[in-house]
Amino acid sequence: MITVNDLSIRFGKRVLFDEVNLKFNTNNCYGIIGANGAGKSTFLKVLTGEMESTSGHVSIERGKRMAVLSQDHFKYDNHPVLHTVMMGHKEMYGIMLAKDELYAKPDFNEEDGIKASELEEKFSEMNGWMAESEAGELLGGLGITEDKHHMLMKDLSGNEKVRVLIAQTLFGNPDILVMDEPTNDLDIETVAWLENFILNFPNLVIVVSHDRHFLDSVCTQVVDIDFNKISQFGGNYTFWYESSQLALRQQQNQNKKAEERKKELQDFIARFSANVKKSKQATSRKKMLENLNLDEIKPSSRKYPAIIFVQEREAGDQILNIRNLTLEPYFKNISFSLNKGDKVFLYSKHSIITTKFYQVLNGEIKADSGEIEWGITINHAYLPNHNDEYFQSNLSLVDWLRQYSEEKDETFIRGFLGKMLFSGDEALKQCNVLSGGEKVRCMISKLMLANPNMLLLDEPLNHLDLESITAFNNNLQDYKGTVLFTSHDHHFIQSVADRVIEIAPNGVIDKATDYDGYREDPELKERREELYAGVTLEA
């Protein structure tokens with residue numbers, strides 16, 4: 001459906017990528033990956049015609065309709081929600097407006113009748129009579145209830161607008177679907193709905209995302225931007241990551257004979273193929289590894305931060321006891337105890353509830369009632385969801401991190417910043433000009449300095465790139481301390497948590513299980529709905 005020929009993008013002397021040749025075929029989902037600044041969003045803009053390339057060209061099969069997820073959340077503020085969704089099919093929506101305008105004419109004549117009849121025929125061919133029904137169904141799947149379908153966009157919250165714009169992109173069965181970070185601001189249930197929609201979508205999908213579970217669930221191909229080139233691989237994100245790591249190990253072990261290295265690669269692919277055959281992706285989409293060329297697998301140039309939490313002292317048996325903790329209207333009578341080494345996913349349908357809960361635990365706000373009892377050996381460290389208040393000064397990163405360290409030596413401080421990829425002059429940046437991802441990496445450095453035996457993590461992956469997310473994930477799996485964390489990253493939750501605690505205005509559910517087991521437990525479904533019954537809070 002899309003052919004890319006000899007494509008190059010340059011900004012002055014900087015080459016983003018050069019001489020790119022790719023084909024994007026229907027019934028496939030392509031995940032675009034690359035380090036921050038590699039050019040993922042720029043490449044999407046060239047594919048969609050929003051930006052011109054320096055040289056080369058992009059060809060789209062004639063007659064194919066492309067839908068692109070809008071990044072402008074205010075563009076449709078004066079339009080009703082339902083109409084905003086239907087605008088995703090521009091031609092059909094234009095015909096709908098044209099025929100409505102004709103019928104509204106006070107001097108409607110025979111010529112108008114003929115024209116209206118022609119428009120009605122085109123409208124019917126485009127399945128226009130089912131447009132409102134389809135738009136409503138999409139909105140419902142994305143969590144926009146029917147009472148909001150006729151509201152103006154400007155009256156929705158920010159994350160509700162995001163959902164409507166996703167519905168707009170999906171509307172009308174486009175031939176080509178292009179989405180840049182579609183899972184941002186979506187809760188886990190809505191992401192699962194979107195995954196399932198794309199899995200069953202019969203046409204071409206091109207997506208950029210930092211959500212590994214999402215990429216693994218939907219992608220049949222990975223398009224990697226690296227070394228100023230764009231390369232295409234069969235498989236999903238995990239296959240690309242694990243194969244590139246294997247290739248790196250093999251590159252570092254040149255003493256191995258070529259035959260041994262080839263057999264190692266073949267064994268790896270065989271193991272991965274066996275797992276793929278068990279997944280729902282394999283049955284709903286073509287096998288991912290059919291055309292794999294062993295010679296294509298190469299080490300990546302990505303740099304992964306060294307996120308390593310070391311306990312200053314091992315915790316005793318008493319970790320944390322919560323008794324009848326209440327903060328109206330967010331939660332009431334919450335009671336539970338944490339055990340040594342627990343890794344608990346703290347969840348709520350409304351993210352404001354978990355954030356308030358962490359703030360109470362950390363002493364930032366006072367609960368209405370209840371008790372919090374920390375074990376005497378506990379040294380807990382907190383990573384908040386919102387961190388702007390920490391970065392209001394113009395201190396350099398070295399001086400910023402020195403505030404939180406007993407050891408003031410610059411070489412020592414630079415070592416912690418270096419682990420988070422702030423090396424050389426990067427460590428002298430002013431802290432008030434950092435990007436969102438850089439701020440989170442600084443906060444992680446602060447956490448590592450504390451040598452905690454318990455971590456409180458409120459959405460720790462927000463703003464991080466895939467490399468930092470992967471490093472964080474791997475370390476938390478190995479961390480021997482206790483963790484209470486909240487996240488929207490399915491893979492992170494499933495691979496780290498051994499217990500789920502869901503808190504809500506009407507109570508709490510506490511279950512020792514992994515996340516998938518919790519979601520799929522039929523006995524909990526009705527109880528989970530009761531937790532939120534009759535309560536409306538900002539998401």
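Good morning. A nonpolar core is a set of buried Ala, Val, Leu, Ile, Met, Phe, Trp, Tyr and Cys residues joined through side-chain atoms within 4.5 Å. With that term in hand, I shall present this structure, which is a predicted model.

I begin with the cores. In the largest nonpolar core there are 52 residues. Those with the most contacts inside this core are Met-86, Leu-139, Val-164, Ile-166, Phe-171, Met-179 and Ile-198. Which helix gives the most to this core? That is helix 6, spanning residues 158–170, which contributes six residues. As general background, nonpolar side chains tend to be buried together in soluble globular proteins.

I turn next to the aromatic rings. The structure contains 23 aromatic pairs. One of them joins Phe-197 and Phe-201, with 6.1 Å from centre to centre and 25 degrees between the planes. This pair counts as stacked because planes under 30 degrees apart are classed that way. Are the two partners buried or exposed, or partly exposed? Phe-197 has a relative accessibility of 22%, so this residue counts as partly exposed. Phe-201, at 4%, counts as buried.

Please compare this with the rings of Trp-400 and Tyr-404. Their centres are 5.1 Å apart and their planes meet at 65 degrees, so this pair is edge-to-face. Trp-400 is buried, as its relative accessible area is 0%. Tyr-404, in turn, counts as partly exposed at 33% relative accessibility.

Tyr-404 has a further neighbour to mention. Lys-446 lies over the face of the Tyr-404 ring, 4.9 Å from the ring centre.

Where is Ser-217 placed? Ser-217 belongs to helix 8, which covers residues 212–218. Its relative accessibility is 13%, and buried means under 20%, so Ser-217 counts as buried. What lies 2.8 Å from a polar atom of the Ser-217 side chain? It is the backbone oxygen of His-213.

Thank you for your attention.

Definitions and conventions: Residues are numbered from 1 along each chain as its sequence is written. This is a predicted model: local features need pLDDT of at least 70, side-chain atom pairs count only at pLDDT 80 or more; totals for chains, interfaces and linings use all residues. Side-chain values use heavy atoms; hydrogens and water are left out. Helices (H or I, at least four residues) and strands (E, at least two) are DSSP runs, numbered from the N terminus. Buried means under 20% relative accessible area, exposed over 50%, partly exposed in between (1.4 Å probe, protein chains only). A polar contact is a pair of N or O atoms within 3.5 Å; within protein, one must be able to donate a hydrogen and the other to accept it, and residues adjacent in sequence count only if both atoms are side-chain atoms. Rings of Phe, Tyr and Trp (its six-membered ring) pair if their centres lie within 6.5 Å; planes under 30 degrees apart count as stacked, over 60 as edge-to-face and the rest as tilted. A charge sits over a ring if NZ of Lys or CZ of Arg is within 6 Å of the ring centre and within 35 degrees of the ring normal.
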